[in-house]
Amino acid sequence: MKDIDFENITLEEAKEELKKTLETKEALEKENEELLKEIEDLKPKADEYKDKWIRNVAEFDNYKKRNAKIWQEAFIDGKVDIILKALAIGDNLERAIAMDIDEKTKEGLVLLYRQFNDILTGMEVTEINPVGEKFDPLYHEAVMQVEGADGEESDNVKQVFQKGYQLKDKVIRYAKVSVIK
């Protein structure tokens, strides 16, 4: 738009300038309407993209949680495998301690067994030793049934043949027991 000298303008020139200004105004209003219509037409597409973005963010978050859970479970499973292999050593140490051997050897085996148990405790492994408790198939494996003596309740654990172990709340080896009939 050019500057107008209002003192030296003729009526015809003023009319011409007014006509140009009105044409420009109409063109701008028309362009503005077209742009507003285009914005309205693009809103559903923008909403669609926003919805897809929100879904992708949620899906990725779920993926990260699933992946973290898988890794955690794999770590625990690996830990359980190692512990199960080491439990055989503990069982053999117990058997060796129960044998009729000289006092010095027995003392050394007891120290090794304590160290073994300290390692298990440090790994949050607890022993399942249910003598006298009610039989629970979630923690015990019944290998035989025996007659109970006077005063012993039915379905109680009479003897443990092999101790059970659990890592936190997960049973990694069931206690093998005899149950009173």
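**Salt bridges and exposure**

Modeller: In this predicted model, Lys-65 counts as exposed, at 52% relative accessibility.

Biologist: Which residue does the side chain of Lys-65 meet in a salt bridge?
Modeller: The partner is Asp-61, with an N to O distance of 3.4 Å. Asp-61 counts as partly exposed, at 32% relative accessibility.

Biologist: How are Lys-65 and Asp-61 placed in helix 1?
Modeller: They are 4 residues apart there, so about one helical turn separates them.

Biologist: What does Asp-51 form with Arg-55?
Modeller: Asp-51 and Arg-55 form a salt bridge, and their closest N and O atoms are 3.0 Å apart. Both sit in helix 1 (residues 11–98), 4 residues from each other, which means a separation of about one helical turn.

Biologist: Is Arg-55 buried or exposed?
Modeller: Arg-55 counts as exposed, with a relative accessibility of 57%. Asp-51 is partly exposed, its relative accessible area being 36%.

Biologist: Changing topic, what is the N to O distance between Lys-158 and Glu-152?
Modeller: It is 2.9 Å, in a salt bridge between the two side chains. Lys-158 is partly exposed at 33% relative accessible area, and Glu-152 is partly exposed at 33%.

Biologist: Which residues are linked in a network of salt bridges?
Modeller: Glu-94, Glu-127 and Lys-163 are linked in such a network.

Biologist: And how many salt bridges does the count come to?
Modeller: The count comes to 13 salt bridges, taking a side-chain nitrogen of Lys or Arg within 4 Å of a carboxyl oxygen of Asp or Glu.

How values were computed: Residues numbered from 1 in each chain as written. Predicted model: local features only at pLDDT ≥ 70, side-chain atom pairs only at ≥ 80, totals over all residues. Heavy atoms only, no water. Helix = DSSP H or I, 4+ residues; strand = E, 2+ residues; numbered from the N terminus. Buried < 20%, exposed > 50% of the residue type's maximum accessible area, 1.4 Å probe, protein only.
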